[in-house]
Amino acid sequence: MKIAVRYYSKGGNTKKLAEAIGEAVGEKAQTTDVKLKEDVDILFLGSSVYAAGIDKSVKEFIKGIDVKVGKVVNFSTAAILKSTYKQVSKLLLEKGIAIDEREFACRGSFAMMHKGKPDAEDCKAAADFAKKMIS
């Protein structure tokens, strides 16, 4: 099974989850600046909520996918909204790429909110989630 992990992170919150997921599935987590170069069975795609939306880097990454992706598994951090699932799902479905209905989402620290999040427990939970997704 071919797996890839891509993420976008401004403050480092989503990067923490991406690295935990990458380690759990045996793939290096890379930013959305790194295009997919080959077909993948599962793409773990991480993003965050910024001003109630996902960053344009994630939108451009999705638009630029030109290889076969079996399915995308969304993971995200957010201070206020629950997750990025709805926004990411809409973009993927427009491209004809399947997204798993299961996702991993947790709080991310922003200003004075959710200090220290995601923490070690969140990263472990993300890793455990990823392992279940590939088993």
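Start at the N terminus and trace the chain: its elements come in the order β-α-β-β-α-β-α-β-α. That gives you four helices and five strands, where helices (H or I, at least four residues) and strands (E, at least two) are DSSP runs, numbered from the N terminus. Before you go on, know that this is a predicted model: local features need pLDDT of at least 70, side-chain atom pairs count only at pLDDT 80 or more, and totals for chains, interfaces and linings use all residues. Residues are numbered from 1 along each chain as its sequence is written, and side-chain values use heavy atoms, with hydrogens and water left out.

**Stop 1: the sheet.** Select the strands. In what order do the five strands sit in the sheet? Reading across, you meet β2-β1-β3-β4-β5, an open sheet with parallel pairing. Two strands count as paired if DSSP finds at least two bridges between them. Now colour β2 (29-31) and β5 (104-107): these are the edge strands, each pairing on one side only. From one strand to the next, the twist averages 20°.

As background, strands of a sheet pair through backbone hydrogen bonds, either parallel or antiparallel.

**Stop 2: β3 and β4.** Select residues 40-48 (β3) and 69-78 (β4), which pair in the parallel sense over eight bridges. Click on Leu43 and you'll find Val72 of β4 standing opposite. Then try Leu45, whose bridge partner in β4 is Asn74.

Is β4 mostly covered or mostly open? It's mostly covered, with eight of its ten residues buried (buried means under 20% relative accessible area, with a 1.4 Å probe and protein chains only).

Stop 3: Select residues 56-63, helix α2, which lies across β1 (3-7) and β3. The helix runs at about 160° to β3; such angles run from 0 to 180 degrees between N-to-C directions, using axes fitted to C-alpha atoms, for helices over the stretch in contact (contact means heavy atoms within 4.5 Å).

**Stop 4: zoom out.** Show the whole chain. Its C-alpha trace spans about 40 × 30 × 25 Å along the principal axes. Of the 135 residues, 50% are buried.
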